[in-house]
Amino acid sequence: MAGPAPGRRLVALALIVALAAGLPAARAGQAPRPAERGPPVRLFTEEELARYSGEEEDEPIYMAVKGVVFDVTSGKEFYGRGAPYNALTGKDSTRGVAKMSLDPADLTHDTTGLTAKELESLDDVFTRVYKAKYPIVGYTARRILNEDGSPNLDFKPEDQPHFDIKDEF
């Protein structure tokens, strides 16, 4: 019986090298340090999320995009009280991010009627800005529950950014 094709071995080797490159190296005689983890994620109602709008000086600043709640406190100069993007905070501003709009009518989770270009922009900003720069602290209740409070059967925790089954127990 022949072994795997050379192309498959090359792909497997490349995958192993890529995965190993992301692992912290341990010095001789030292145990590897565990990866740093942020606080566990939680579920936010609209009322709870509104408390983190940057109005209180000593509170963190949160905003949601696509139902994912980010801690944008490190960008206080952009999201804090009186800052240019403060209108996006304390709520799910998915539509506003997609349209690059601060119009109060666009500061909502609703993506109904967005163009393909706006949806593409949303995905790009979600990945390249929010997921890349800001810690995820939770999800909006709307992402997990339907309007009537029943479970959203399309929600799969394992498909969510930063999900770790160990945090669930």
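In this predicted model, the side chains of Asp106 and Lys99 meet in a salt bridge, with 3.7 Å from N to O. Asp106 also forms a salt bridge with Arg95, at 3.5 Å from N to O. A search of the whole structure finds nine salt bridges and eight aromatic pairs.

- Asp106 is buried, with a relative accessible area of 10%.
- Arg95 counts as buried because its relative accessibility is 14%, under the 20% limit.
- Lys99 counts as partly exposed, at 34% relative accessibility.

**Other salt bridges**

- Glu57 and Lys76 meet through their side chains in a salt bridge of 3.1 Å, N to O.
- This pair links distant parts of the chain, 19 residues apart: Glu57 is in the loop between helix 2 (46–50) and strand 2, and Lys76 is in helix 3.
- Glu57 is exposed, with a relative accessible area of 54%, whereas Lys76 counts as partly exposed at 33% relative accessibility.
- A network of salt bridges links Arg42, Glu48 and Arg51.

- Strand 2 (residues 62–65) and strand 3 (residues 68–71) run antiparallel and are joined by four bridges.
- Met63 has Phe70 as its bridge partner in strand 3.
- In a regular strand, side chains alternate between the two faces of the sheet.
- From strand 2, Tyr62 and Ala64 point one way, while Met63 and Val65 point the other way; all are buried.
- Two residues separate strand 2 and strand 3 in the hairpin, and Lys66 in the turn has a positive phi of about 55°.

**Aromatic pairs**

- Phe70 and Phe126 form an edge-to-face pair, at 5.8 Å centre to centre and with 75° between the planes.
- Phe70 lies in strand 3 and Phe126 in helix 5 (residues 116–133), so this pair ties together parts that are 56 residues apart in sequence.
- Phe70 and Phe126 are both buried.
- The rings of Tyr79 and Tyr134 have their centres 6.0 Å apart and their planes at 85°, so this pair is also edge-to-face.
- Tyr79 lies in helix 3 and Tyr134 in the loop between helix 5 and strand 4 (136–140), so the pair ties together parts that are 55 residues apart in sequence.
- Tyr79 is buried, with a relative accessible area of 5%, and Tyr134 is buried, with a relative accessible area of 7%.
- Ring pairs link Phe70, Tyr79, Tyr85, Phe126, Tyr130 and Tyr134 into a cluster.

**Charges over rings**

- Lys66 has its charged end over the ring of Phe126, 4.6 Å from the ring centre.
- Arg42 lies over the face of Phe44, at 4.1 Å from the ring centre.

**Nonpolar surface patch**

- Phe78, Tyr85 and Leu102 form a nonpolar patch on the surface, and together they have about 260 Å² of accessible area.
- Tyr85 lies in the loop between helix 3 (76–79) and helix 4 (94–99).
- Tyr85 counts as partly exposed, at 39% relative accessibility.

Notes:
Residues numbered from 1 in each chain as written. Predicted model: local features only at pLDDT ≥ 70, side-chain atom pairs only at ≥ 80, totals over all residues. Heavy atoms only, no water. Patch = residues over 30% accessible without salt bridge, like charges linked within 9 Å, V, L, I, M, F, W, Y side chains within 5 Å. Areas by Shrake-Rupley, 256 points an atom, 1.4 Å probe, with all protein chains shown as cover. Salt bridge = Lys/Arg side-chain N within 4 Å of Asp/Glu carboxyl O. Buried < 20%, exposed > 50% of the residue type's maximum accessible area, 1.4 Å probe, protein only. Pairing = 2+ DSSP bridges. Phe/Tyr/Trp six-rings, centres within 6.5 Å; stacked < 30°, edge-to-face > 60°. Lys NZ or Arg CZ within 6 Å of the ring centre and 35° of its normal.
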